[in-house]
Amino acid sequence: MNTTQDPVWRTALSGAQILFVAFGATVLVPLLTGLNPSLALLGAGVGTLIFQVCTKRQVPIYLGSSFAFIAPVIYSVQTWGMNATLGALAAASFFYYVAAALVKWRGIELIHKLLPPVVIGPVIMVIGLGLAQVAVSMATGKAGDAQVVPYETAIAIATVSLLATMLTAIRARGLLKLVPILIGVAVGYIASLFVGIVDFTKLSEAAWIAMPEFGTPEFNLAAILFMIPVAIAPIVEHVGGILAIGSVSGKDYTENPGLHRTLLGDGLAVNVVGLFGGPPVTTYGEVTGAVMLTKNYNPVVMTWAAGFAILMAFVGKFGALLQTIPMPVMGGIMVLLFGSIAGIGLKTLLEAKVNLSSARNLCIVSVTLVTGIGGLGVNIGSFSLQGISLCGVLAVLLNLLLPAEPVEG
């Protein structure tokens, strides 16, 4: 049922529901990386509106914070600082523009040729597994070498958050099944209140209405070269997201408005959001699930969701409340989240039936996993590639350059 003729109040309510579904994942990324959660909401809203302009508001898609950039952002902030990281995130849109131009020129087949499952699968696995130690540290209450929360308390809270998230994902029905992160955070937060590890100082000091504190990006070549290849994974995620929402709504959005337009819209959104200090945005599977559940395919719903996200970004108390979430709550959820990302990479290989008995495929997967998880770096003057970025480039090059195996017989 298409609800284009629905009354305004019902469309607005559907928009609020979409924001609720996407909310947990949208604010999780800045909470894990040190970026501003209010800017993440503002970025998701503005990014969605930019996407709608580029696609003539034909696709029922909401853009939220991308998980693919969590590990690179954490590394980049530690190495080059927050301002250089913001500039690098804005520059990550370069790959989106290249992909859009390639699709316009040669069609989606060229993207599949450059980025087949044997390349994408291990890169996605590295994105998840590369942060395993960070997840464990947060779940045990450690920030660097400092024990911020007592070990036993931290483990208990992380376990509660993790169990709540897993049980919601497995047993919940309807809309609740789409918001396991939100439920996990809420349950973990309540448990934290009981053991007294929530600090309300920031909340009491925050104003009700406040302008988000915008970032000041700097353009550091080393940070940019590190971040740009990271966009390989979210670009493939974008293509999958557009195909998924098309199958749900019964329309081929790769033809109309065209995959080149959707990639351009996502790239422009990443560019603009990075320039004012928000995390990169991407299409959200949770939102596709909500659209499938409600059978409301009206893109105007996403306009309302974007509007509500922008409004919430200016509620100072709300942004401060998000920052009171204790570290072990986030750590427990990260254990599941990063493992799930790695699982998606494995699923990519399995669904494509990538033959790992093939020496060529095994070489690509093995080199990608070890260089990525091991954090191998290559430095030539100011040029630097590290970890995820390096393994992404290596995976693409190995796939293009390694010879095919001889046919037996």
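User: Is D266 buried or exposed, and which side chain of opposite charge is nearest to it?

Analyst: Burial is judged by relative accessible area, where buried means under 20%, exposed over 50% and partly exposed in between, with a 1.4 Å probe and protein chains only. A salt bridge is a side-chain nitrogen of Lys or Arg within 4 Å of a carboxyl oxygen of Asp or Glu; Lys and Arg count as positive and Asp and Glu as negative, while His and the chain ends are not counted. In this predicted model D266 is buried yet has no salt bridge, and the nearest side chain of opposite charge, R261, is 15 Å away. Local features need pLDDT of at least 70 and side-chain atom pairs pLDDT 80 or more, whereas totals for chains, interfaces and linings use all residues. Residues are numbered from 1 along each chain as its sequence is written, and side-chain values use heavy atoms, with hydrogens and water left out.

User: Which residues is D266 in contact with, leaving aside its neighbours within four places in sequence?

Analyst: Contact means heavy atoms within 4.5 Å. With those neighbours left aside, D266 touches F51, L63, Y96, H238, V281, T282 and T283.

User: What share of the protein's residues count as buried, and how far apart in sequence are the residues that its contacts join?

Analyst: Of the 409 residues, 53% count as buried. Among contacts between residues at least 6 apart in sequence, 83% join residues at least 24 apart. Along its principal axes, the C-alpha trace spans about 70 × 55 × 45 Å.
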